[in-house]
Amino acid sequence: MLSCREEVLKFTNELVAVESIVNTTGEITISNFLYNKIASFPYFQNNPSYLMLSRTVNDEIERYNVLAFVKGTKKNNNKTVILMGHTDTVGTDDYNHLQDKACYPEELMKALHDEPLPELVRKQLESGEWHFGRGSVDMKSGVASHLYLLKYYSEHPEELAGNLILLAECDEEDSSHGVLSGLRDLKNLREEHHFDYVALINSDFVAPRYEGDENRYIYKGTIGKLLPSFFITGSETHAGSSFEGLDPNYIAAELTRQISYNPDLVDDSLGEFPAPPVSLKQTDLKPTYTIQTALSAYVYYNFFIQSWSPKEVLVKLKEQAETAFDRALQTLSDNYQKFCERSGETYNELPWKKRVIIYEDMKLLLEKEHGDRFIQHMKAFKEKLLLDKSLDTRMFAARVVEEEWNWMADKSPAIIIFYSSLYSPRVEVTGKNEKEKHLLDALQQAVEHVQPNYSHPIVTRNFFPYVCDMSCVALSDDEEGIQAVCNNNPGWGTKHFVNYQDIRDINVPAINIGPYGYDAHKKYERMELKFSTEIVPKLTNEVIIRLLK
């Protein structure tokens, strides 16, 4: 077994000390740090072309991935395992008065002793078996584990019966520019060095799934993530004549009641259940205050999938939106009747009807009705809109739909459904081909080999339950599912684009063996030392050995 604890912890502390908040220059700093660290290893001094600092492509922000590889000499073998981990973190504002210590674990832990802490946090802090700090568990200790293995095999290539690549990627916490750019580098390396990618091992954090959960999880594949979005139009009216119009915020509220936390929208597969949808934004699009009701509203929801395709999700959500629209109109009618009964006003049936349109259908209708004039107008509109750097992909998409809606002949109230952000594909690793079978066998044997040296159960599950960049190394969706993403994102090809063919070209089965801890993205972020610095690298190494046999 490897003797790795102290070196993995040392690497962890060095990486944590480099503040690398996503979408800041810290991402450049940590990439340079890691590049220089690897460049100092004798193997890479002798093989400098085996180390790369690679800038992301199609990215408005300057940042870099680090790639490095070791060619084993134990036998002539093209089999290659990819080790992947992200170097960016979320911000540190949540540390409040301890923010200046957030990236210095020893100083932070010393200061935390004098703070009022939740009982579990204090118990773990005082045990000496937990390590605190921003990025400690998500996921710089995971990168440190991979770095340790890269260094070890660079010093002992005669023990490696194949090849090992480290992809330390940026921008995992926002838009996955890192891994999507890294795919091209991986393809180039495969062509140049004839690598046969047999598996990818990610090292993102794992955590308890429920209170009292003692399991340490290894994940095969990952959930997918969509951001279904809804542009809602109403009929404006003066607030003093509220029943003469239809407030889109009212429809939006009913839509959220229908979709958020709805167990019928949980895509269970292989006996596992992701979290249900939940609202991430709900707003109207009025720029300033007026006494008039809003013209339109905009909502979007987090949506996890395991077996459903993006096309299936649109169909399901159209049904949900129709139900919400019907219920909103019925409640509105009931309320109007009660108001008329109390006020003595004459009740007249309200004119509104449910109307739900999938974006692709609306766009095809407009192109058919208006032809090239509409197409050229929208092309120019998007080019101008791209100049507004304050718009993220989600608000960019909303503005495009808003502009396209102005071309509709029938402007009666409606809900338009579309996608407005990155689709992180679902990845199933079930043994459906030889590479997957080999990986699953290697993982099972590795767990059986390491488990006797660790007191808590090491348990494998089918889907990593949070969003991670394993989504960008393999595809379980067919072409029809992917086309639904492309055709229903209003910013596709301008503000947002993913070359899913790059993912298909790599298409390597992926698992996650990562550090264990609590409170990722929170001020008490911490990792368990034994699992994170000993078990993770040992498990990863055992899988590597078996894969490269």
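Q: Helices are DSSP runs of H or I with at least four residues, and strands are runs of E with at least two, both numbered from the N terminus. Where is Asn23 found?

A: Asn23 is found in the loop between α1 (5-16) and α2 (26-39). This is a predicted model, in which local features need pLDDT of at least 70 and side-chain atom pairs count only at pLDDT 80 or more, while totals for chains, interfaces and linings use all residues. Residues are numbered from 1 along each chain as its sequence is written, and side-chain values use heavy atoms, with hydrogens and water left out.

Q: What is the phi of Asn23?

A: Most residues other than glycine have a negative phi. Asn23 has a phi near 65°, which is positive, and it is not a glycine. Asp171, also not a glycine, has a positive phi of about 55°. Asp171 belongs to the loop between β5 (163-169) and α7 (177-193).

Q: Is Asp171 buried or exposed?

A: Buried means under 20% relative accessible area, exposed means over 50%, and partly exposed lies in between (1.4 Å probe, protein chains only). Asp171 counts as buried because its relative accessibility is 0%. Asn23 has a relative accessible area of 33%, so it is partly exposed.

Q: Which peptide bond is cis?

A: Most peptide bonds are trans. The bond from Asp138 to Met139 is cis, and its omega is near -15°. Met139 is in helix α6 (residues 136-155).

Q: What does the side chain of Glu272 reach?

A: A polar contact is a pair of N or O atoms within 3.5 Å; within protein, one must be able to donate a hydrogen and the other to accept it, and residues adjacent in sequence count only if both atoms are side-chain atoms. The Glu272 side chain makes one with the backbone nitrogen of Asn462, at 2.6 Å. A polar atom of that side chain also lies 3.1 Å from the backbone nitrogen of Phe463. Glu272 sits in the loop between α8 (248-259) and β10 (278-284), and it counts as buried because its relative accessibility is 7%.

Q: Which residues does Ala398 touch?

A: Contact means heavy atoms within 4.5 Å. Leaving out residues up to four places away in sequence, Ala398 touches Phe231, Tyr298 and Phe418. Ala398 is in helix α11 (residues 393-405) and is buried, at 0% relative accessibility.

Q: At what angle do α8 and α9 pack?

A: Axes are lines fitted to C-alpha atoms, for helices over the stretch in contact, and angles run from 0 to 180 degrees between N-to-C directions. The axes of α8 and α9 (residues 310-343) are 9 Å apart, at an angle of about 125°. That makes the two oblique, since angles under 35 degrees count as roughly parallel, over 145 as roughly antiparallel, 65 to 115 as roughly perpendicular and the rest as oblique. On the α8 side the contact includes Tyr250, Ile251 and Leu255, and on the α9 side Leu317, Ala321 and Phe325.

Q: How do the axes of α1 and α6 cross?

A: They come within 8 Å and cross at roughly 130°, so α1 and α6 are oblique to each other. Among the residues in contact are Val8, Phe11 and Leu15 of α1, with Val143, Ala144 and Leu147 of α6.
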